[in-house]
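User: I'd like to go through the calls on this model one by one. For each, tell me which cut-off it rests on.

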Amino acid sequence: MKRKSNFRNIAIIAHVDHGKTTLVDGMLQQSGVFRENQAVRERVMDSMDLERERGITIMAKNTAVWYNDVKINIVDTPGHADFGGEVERSLNLVDGALLLVDASEGPLPQTRFVVQKALAKNLPVILVINKIDRSDARIQEVVNEVYDLFIDLNASDAQIEFPVIYTNAKLGIAHQEPGDASQNLRPLFDSILGHIPGPVADDDAQVQMLVTNLDYDSYVGQIGVGRLFNGTLCMNTDYSRCGIDETVRHLRFSVLYTFEGLKRVPVEQAESGDIIALAGIGEIAIGDTISDNEDPVPLPRIKVDEPTVSMVFYVNNGPFAGREGKYLTSRHLKERLDREVKGNVAIQVRATDRADAFEVCGRGELQLAVLIETMRREGYEFMVSKPRVITHEEDGRILEPVEHVYVDIPEEFIGIMTEKLSRRKGRLVHMNTAGAGRADLEFVIPSRGLIGFRTQFLTDTKGSGVMHSILEGYQPWFGPIPQRMTGALVADRAGKVSSYACLSMVDRGELFVSPGTDVYGGMVVGERNRDGDLNINITKEKKLTNMRSSTAEATVTLRPPRPLSLDQAIEFIAENELVEITPAAERIRKMELDLVKREIQAKRGKPV
């Protein structure tokens with residue numbers, strides 16, 4: 001097998017918000033993909049609305065640029081550990097990686113996560129120190145920290161001998177040495193060609209293409225994206241698809257694509273070593289191999305880490321069901337979740353003992369929240385439960401996932417943060433007060449202890465804290481962990497929220513709903529300021545009489561409600577509550593809406 005010199009396949013890996021997608025913008029711009037006068041938006045690779053709103057990459061996407069007659073296929077990967085499945089399958093496409101690290105922040109938890117995946121694949125790495133223009137940049141310290149990280153991860157001698165490039169991705173400038181005369185990204189392109197090897201591939205061998213991503217086009221249907229490891233693919237030729245359980249022969253493509261810039265370009269033939277896309281293969285799935293029709297040889301399927309968190313998705317059976325959504329039934333819900341499993345290797349769907357409920361397992365709350373938000377925008381209406389961790393049983397012991405949490409907070413909040421996390425079974429393993437009034441703390445804590453904690457963390461640190469976590473492994477069950485310390489204000493009847501009723505709730509807690517909002521019995525309308533739930537009449541109107549002053553209530557000012565976002569609602573709910581998701585709203589409700597039945601359950605000792 002020989003290496004092909006006309007291709008380079010690279011992935012860009014980094015922590016969240018270190019500038020991966022911005023660097024890809026500069027590479028596209030300087031390789032001539034766009035016209036000189038073409039208007040191009042920032043972070044052009046973040047094509048999903050959710051990616052642009054949240055400012056993070058969620059789905060791995062690929063593009064291609066040309067430099068010195070060499071085609072460089074670039075895969076832009078997510079930086080958040082919750083989307084690790086995207087990183088893992090992307091690394092199957094490439095022969096090397098650009099590791100992007102912020103010149104001030106240095107390697108952070110998710111940097112460690114993605115580097116670990118790249119080293120496990122034995123990929124050569126180019127270190128890119130980005131944002132060198134920051135006033136607080138500490139370039140040489142960060143380079144040393146990356147060396148320490150590689151040594152800590154048991155990298156080989158060859159992997160540690162990585163070249164270092166210094167960039168300002170926003171201006172599209174790269175330097176081989178800080179402060180040299182370079183005014184473009186040419187040093188980065190030269191380093192890619194010099195340090196990242198071409199793909200090992202043979203055009204004359206048996207055809208083997210591994211499908212690592214799926215896309216959809218309304219014109220050609222399902223599209224499979226992957227790397228052609230060996231052989232050549234041609235139009236109007238029969239091939240086979242090697243799935244998990246069966247091999248289907250005599251299949252022909254309707255279209256064969258290669259990538260140029262941001263576009264897929266139809267071709268008649270694709271050569272080995274390239275990243276390509278094809279359409280016309282029915283029931284194609286991630287991990288399938290497209291191979292020779294007569295003698296198919298499948299490649300090893302993609303392996304990803306097991307999910308750690310699950311939520312139950314229910315069909316919406318509330319009083320407002322069907323008012324706002326387009327897809328409502330269990331059939332719609334199951335079809336959509338099955339479709340998600342085909343395109344996302346990190347998601348699993350399991351059946352439950354109810355026909356209208358499905359357990360969805362993923363890497364973390366953020367990944368599941370993104371799936372929920374995507375479904376609601378597509379017109380689905382459903383309910384979700386509180387996230388739960390997925391446990392393992394080993395030698396008769398129950399093991400649960402444990403996270404390594406990195407906290408960066410002002411020094412004044414060290415006491416309250418240590419207290420809050422220790423109450424949730426967290427153990428402080430490292431503390432560093434490097435000066436400038438801030439402290440770095442590291443905790444080992446059960447994943448259960450972090451469910452519902454992020455909002456509380458931001459409140460306790462007055463929005464000035466930064467928290468990241470990464471899966472540490474599995475440890476024996478830690479016992480009960482206190483979650484929400486407050487109760488809920490629950491509407492006891494249907495109607496519209498009235499200003500008069502809101503006024504009387506000022507000393508009872510904080511409301512989530514504003515006057516005029518439709519509510520139903522069993523719906524959670526606020527957070528109580530003590531433990532235990534309180535059933536209230538939030539629709540009560542003031543009785544009108546002849547004896548009242550016309551200006552008596554003119555000076556009354558209502559406290560504004562605290563509407564919860566989807567992420568906050570998922571964090572807030574207790575074990576016996578659900579979040580009702582519709583295209584127009586999210587509502588929190590009790591699992592059992594009937595007040596009398598909830599009281600009977602309370603007497604029997606069940607949570608209500």
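User: Why is F253 called buried?

Analyst: Its relative accessibility is 6%. Buried means under 20% relative accessible area, exposed over 50%, and partly exposed in between (1.4 Å probe, protein chains only). So F253 counts as buried. Some ground rules: this is a predicted model, where local features need pLDDT of at least 70 and side-chain atom pairs count only at pLDDT 80 or more, while totals for chains, interfaces and linings use all residues. Residues are numbered from 1 along each chain as its sequence is written, and side-chain values use heavy atoms, leaving out hydrogens and water.

User: Which aromatic pairs does the model hold, and how many?

Analyst: There are nine aromatic pairs. One of them joins Y147 and F162.

User: Why is the pair of Y147 and F162 called stacked?

Analyst: Rings of Phe, Tyr and Trp (its six-membered ring) pair if their centres lie within 6.5 Å; planes under 30 degrees apart count as stacked, over 60 as edge-to-face, and the rest as tilted. Here the centres are 4.7 Å apart and the planes sit at 15 degrees, so the pair is stacked. The pair links distant parts of the chain: Y147 is in helix α5 (residues 139–152), and F162 is in the loop between α6 (157–160) and β7 (164–168), 15 residues apart. Helices (H or I, at least four residues) and strands (E, at least two) are DSSP runs numbered from the N terminus.

User: Are Y147 and F162 buried or partly exposed?

Analyst: Y147 has 28% relative accessibility, so Y147 counts as partly exposed. F162 has 5%, so F162 counts as buried.

User: What makes Y239 and F253 a stacked pair?

Analyst: Their ring centres are 5.1 Å apart and their planes are at 10 degrees, so the pair is stacked. This pair also links distant parts of the chain: Y239 is in strand β13 (residues 239–242), and F253 is in the loop between β14 (247–251) and β15 (255–260), 14 residues apart. Y239 has a relative accessible area of 5%, so Y239 is buried.

User: How do you know that E378 and R336 form a salt bridge?

Analyst: A salt bridge is a side-chain nitrogen of Lys or Arg within 4 Å of a carboxyl oxygen of Asp or Glu. For E378 and R336, the closest N and O atoms are 2.6 Å apart. E378 lies in the loop between α9 (365–377) and β23 (382–384), and R336 in helix α8 (residues 330–343), 42 residues apart. E378 has a relative accessible area of 34%, so E378 is partly exposed. R336 has 4%, so R336 is buried.

User: What makes R388 and E575 a salt bridge?

Analyst: Their closest N and O atoms are 3.6 Å apart. The partners are 187 residues apart: R388 sits in strand β24 (residues 388–389), E575 in the loop between α14 (566–572) and β36 (577–581). R388 has 35% relative accessibility, so R388 counts as partly exposed. E575 has 45%, so E575 counts as partly exposed too.

User: How do you know that R424 has no salt bridge?

Analyst: The nearest side chain of opposite charge, D460, is 8.1 Å away. Lys and Arg count as positive and Asp and Glu as negative; His and the chain ends are not counted. Residue R424 lies in the loop between α10 (414–423) and β27 (427–435).

User: How do you know that the length of α4 agrees with a helix?

Analyst: The expected span is 1.5 Å times one less than the number of residues. Twelve residues (109–120) should therefore span 16 Å, and the end C-alpha atoms are 17 Å apart, which agrees. Nine of the twelve residues of α4 are buried, including F113, V114 and L119.

User: What makes a nonpolar core, and how many residues has the largest?

Analyst: A nonpolar core is a set of buried Ala, Val, Leu, Ile, Met, Phe, Trp, Tyr and Cys residues joined through side-chain atoms within 4.5 Å. The largest has 42 residues, and L99 and F150 are among those with the most contacts inside it. Apart from it lies another core of 30 residues, including Y380 and F572.
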